[in-house]
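Please look over the structure below. A short report on its chains, contacts and local geometry comes after it.

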Amino acid sequence: MSTLAPSRTEQSDDVPVDLRPLRRLKRNRLLLQLACVAVSLFMVVPFYLIAVAAFSSPAAMNEFPLRFLPTAFSVETMSTFLSSTGVGAGLINSLIVAVGTLALSLVVGAPAGYAIARYVFKGRDQYQLFLLFTRALPIVVLSVPLAELFLNVGMYDTPLAVVLLHTALTLPTTILVTASVFLAVPVDVEEAARIFGCGPLGAFGRVVLPLALPGISAASIFTFVLSWNEVLGATILTLNQRTLPATVLSSLSDSPLTFRFAGGFFLIVPALIFIAVMRKYLINMWGTTIR
Amino acid sequence: MADISIRNLVKTYPGNTEPATKNISLHVEDGEFMVLLGPSGCGKTTLLRMIAGLELPDAGAISIGGRDMTYLPPNRRNLSMVFQSYAVFPHRRVRQNIGFGLMTRKMPKDEIARKVAWAAELLQLTPYLDRYPAQLSGGQRQRVAVARAIVVDADVLLMDEPLSNLDALLRLNFRAELKKIVEHIGTTTVYVTHDQVEALSLGDRVAVMEAGKIAQLGHPMEVYDRPADTFVGGFIGSPPMNFLDGQVADGRIIFGEGASIPAPAAVPPGPIRIGIRAEAISIAAHRPDLVPAVVDVVEPLGAATLLTVKVADQSLKVQIPPSQRVSSGETVFLHFAPDSVRLYDPQTGLGLLASV
Amino acid sequence: MTRTELVREGARGGRASRSRRLSPALLLISPSIILMLLLFAWPMVAGILQAFQSPDGLGLDHIERMVGDGQFGPAVRNTLLLIVVLLPVQFVLAIVMALLLHQRPKGQGLYFYLWAVPIAVSDLAAGLVWLAIFTDNGYLNSALSTIGVGPVSWLSYTNPTSQFTAILVAELWRATSLVMVIVVSGLQGIPKDYDEAANVFGATYWTRLRHVWLPLLKPSLQVALILRTILAFQTFAVAQALTGQDFPLLVGETYRFYTALQNPNVASALALVVMFVSMAAAFLYLRVLRDGTKGAAR
């Protein structure tokens, strides 16, 4: 009982395998890695240097040439910075402003995002266009007239004034991001929850919100960092109740270099955390919100 | 134009343990239309992509027209290809899409214009030359993809399921048109499909693939008539080939009580599996040498009537002329055309020599 | 009836129920509209009034003061120069970075993280980071001294070219990430079939870049260009941190007039200039870059 072998035509020509393209490919992969390392160095070395500067003793920072390795490690520069006048209060103000901005833009923005995602209403396109337009405006430059207005209503030099400005800055983004987040939650699950006896708010709270939460927190962190980083408006709208960047900016000309380096490092820390947390969302956020 | 020689190709995708192609060898003659047919995941697309240079093999060699191409980048292989998704560039007009391969080959402008006009005429795209793909229907985009592929003077034309995104009627019409065009230009063609009708109707030869291997290579009718194993028989044909398990004893293949057919002389006693196409079975009035069966389902299909019948607890499909009236529950008697009975080893599923 | 008017039913529903459908959506978006109008339209009007205020009603006093200021000309020039030089370099670098990542190098996740971090760094912090490098006793001069060069006063007003270069490098470092992320997201939206098709039809890497990638990236690049131009007009804290007042920029002048010179009217006028110029730039881009290939949008 012999079996049928699959009939194959055996080829006669035995051309030797040309390995040069493979070598070229490997060389290109190597060049690719080298290019990536080079770009990475440009991106990372400044972070490294500011960290070394912030954690070297002030004496070491007065030497020349400076040490490139953290051999003179000391927290003195950082602690001097943190205990300087205005820095502690500035930090607290920055946190208040950032959290306030986050809360206000979510409270105002998330419902609007939900509306865009779930309802067909007259003027929806115009509304989205309006958001894109306001987003494209350099709103911070409106700080000067805003300062005048806040002065008239007695809100000048309060964290609330800065919160309002920053909310105007972040609101379009918050709305567009939350809209895309709610859009990603299928209508079916919401309807299913309703059919199984949830009220409208119950369906939202028990089904939609948990599903939307990761995306919304991503938007929140983004809002937080935007507010934390904003300096021009915060400087113009305040005098004593300065945020941290505003404090650093206004004392630039009369502070020692070490103070500025420590300030620079301290301002960057949230950025590092932000990107680490947001890495997955980064592409989606820019991809969906900007277009 | 050139022949393609594939020797012992092995490819395992990173992260997979099972190779996508297991030591495949294949020779495609100059000007031949070769169809790679198989279910999804059988390695047919991987093989095509290795010929294109879009994937590189782990071992083995590919040469086209006597030149080794195993690791050469796609753009240096002088190929053309029709993609499943068409991959018609959305930002280029139809004219520029068709002329793309000519542009990269640095052909003079007037010659590009002449060849594009020829291809557009052949595929009835002339009125649409200045449109963008978004302004075309799916079928028209498909034509653009084919025009772009045939306009270049390539050694090999590759097609990756080019008809699978068309609706049924369009597919039927375009299949015939495609066959005519490819015959006309005469380029060596490798065509990947999971549709056995396409494979049979288009190919000079068909390579049926299963789990990274070529299960059978042959002319379409040979593959249809004499499947090398039960997989090929079960994959090709609509309905697929029937398989019945039986025992060989006393010169007969016995399926059950009173159900048996004569066995070819060379078959030794023991278990066996026979394969037979639905159209090779006919039903007749009672005769002692016929196989009794109970009709389970009757499906009139217009040109024929398809019966699902039971023979000793085994199910098989029978195709009868629509004029013959049968109703379910009835007992009928089956006649297996002796020339069409194929024998298989029930363990391995491989074809037994005795049936050839 | 609130949540029942979900999109799907809205599409199905007739004209009769449309008026009822409008109310919950309007309720949800109205706070945002009110807030944006209050914080945008109101100060905009107030700002215009402020800028054109004069002792006898409306006039051009503040505008004249602004234009007559010795720093105004340099500020306009520097701002435009920065944009004209920075943006092309930045876009080339960002596209290169995105294309590198698109080739899927080993460790691409790490690279993407490292290259994206500056996106969240403020321009003030970026200025301070590069101050540590460019300052007289900074890391650049320290590095150069080991090979016996320098020290060079990179940030001194006597050396405007190196001043400008320092600001350029700091901005390149800080803001290229944004463009890169947009381009990466744009690249991810392009089906790989297009590249493969071009490759099979004989296109080299450069041909593919020119005839496939860049045209398909056009929408992303356009968005990035508008966004970056508007943001670049607002650059000022980098320059402030690196050079103090030595390298005036338009928004920096707004800051100076408001804080140091206590002149909110001229500051308002400057703010309006920035606003007007960025809007004009965005408008211009949309006109010039508008997709001539309407049908090409997939």
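## Model and confidence

This is a predicted model. Chain A has an average pLDDT of 81. In that chain, 92% of the residues score at least 70.

Confidence in chain A is highest in helix α1 (residues 20–54), at 92. It is lowest in α12(A), with a mean of 75. Residues 1–12 of chain A stay under 50 in pLDDT. For that stretch the model has 26 contacts beyond four places in sequence.

## Domains of chains A and C

Chain A is split into domain 1 (22–76) and domain 2 (85–250 + 271–290). The C-alpha centres of these two domains of chain A are 34 Å apart.

In chain C, four residues of domain 1 are in contact with six residues of domain 2. On the domain 1 side of this contact in chain C, two residues are nonpolar, two are polar and none is charged.

## An open sheet in chain B

Five strands of chain B form an open sheet. Their order is β13-β12-β11-β14-β20, and the pairing is antiparallel. Which strands stand at the edges? They are β13 (259–262) and β20 (342–344) of chain B. Each has a single partner strand, so one side of each is left without a neighbour in the sheet. From one strand to the next, the twist averages 40°.

Strand β11 (residues 242–249) of chain B pairs with strand β12 (residues 252–256) of chain B. The pairing is antiparallel and runs over three bridges. Val248(B) stands opposite Ile253(B) in β12(B). Gln247(B) stands opposite Ile254(B) in β12(B). In a regular strand, side chains alternate between the two faces of the sheet. β11(B) and β12(B) form a hairpin with two residues between them. In its turn, Asp250(B) has a positive phi of about 55°.

β12(B) also pairs with β13(B), in the antiparallel sense and over four bridges. Gly256(B) has Ala259(B) as its bridge partner in β13(B). The hairpin of β12(B) and β13(B) has two residues between the strands. There, Gly258(B) takes a positive phi near 75°.

## A helix pair in chain B

Helix α5 (residues 138–151) and helix α6 (residues 168–185) of chain B have axes that come within 12 Å. These axes cross at roughly 10°. That makes α5(B) roughly parallel to α6(B).

From α5(B), the contact uses Gly139(B), Gln142(B), Val146(B) and Ile150(B). From α6(B), it uses Leu170(B), Phe174(B), Leu178(B), Ile181(B) and Ile185(B). The contact of α5(B) with α6(B) has seven nonpolar residues, two polar and no charged.

## Backbone exceptions in chain B

Most residues other than glycine have a negative phi, and most peptide bonds are trans. Asn23(B) is placed in strand β2 (residues 21–28) of chain B.

Ser238(B) and Pro239(B) are joined by a cis peptide bond. Omega is about 0° there. Pro239(B) is in the loop between α9 (230–235) and β11 of chain B.

Notes. Residues are numbered from 1 along each chain as its sequence is written. Chains are lettered from A and ligands numbered from 1 in the order in which they are written. This is a predicted model: local features need pLDDT of at least 70, side-chain atom pairs count only at pLDDT 80 or more; totals for chains, interfaces and linings use all residues. Two strands pair if DSSP finds at least two bridges between them. Axes are lines fitted to C-alpha atoms, for helices over the stretch in contact, and angles run from 0 to 180 degrees between N-to-C directions. Two residues are in contact if their C-beta atoms, placed from the backbone, lie within 7 Å. Ala, Val, Leu, Ile, Met, Phe, Trp, Tyr, Cys and Pro count as nonpolar, Asp, Glu, Lys and Arg as charged, and the others, Gly among them, as polar. Domain bounds come from an automatic or database domain assignment. pLDDT is the predictor's confidence in each residue, from 0 to 100. Angles under 35 degrees count as roughly parallel, over 145 as roughly antiparallel, 65 to 115 as roughly perpendicular and the rest as oblique.
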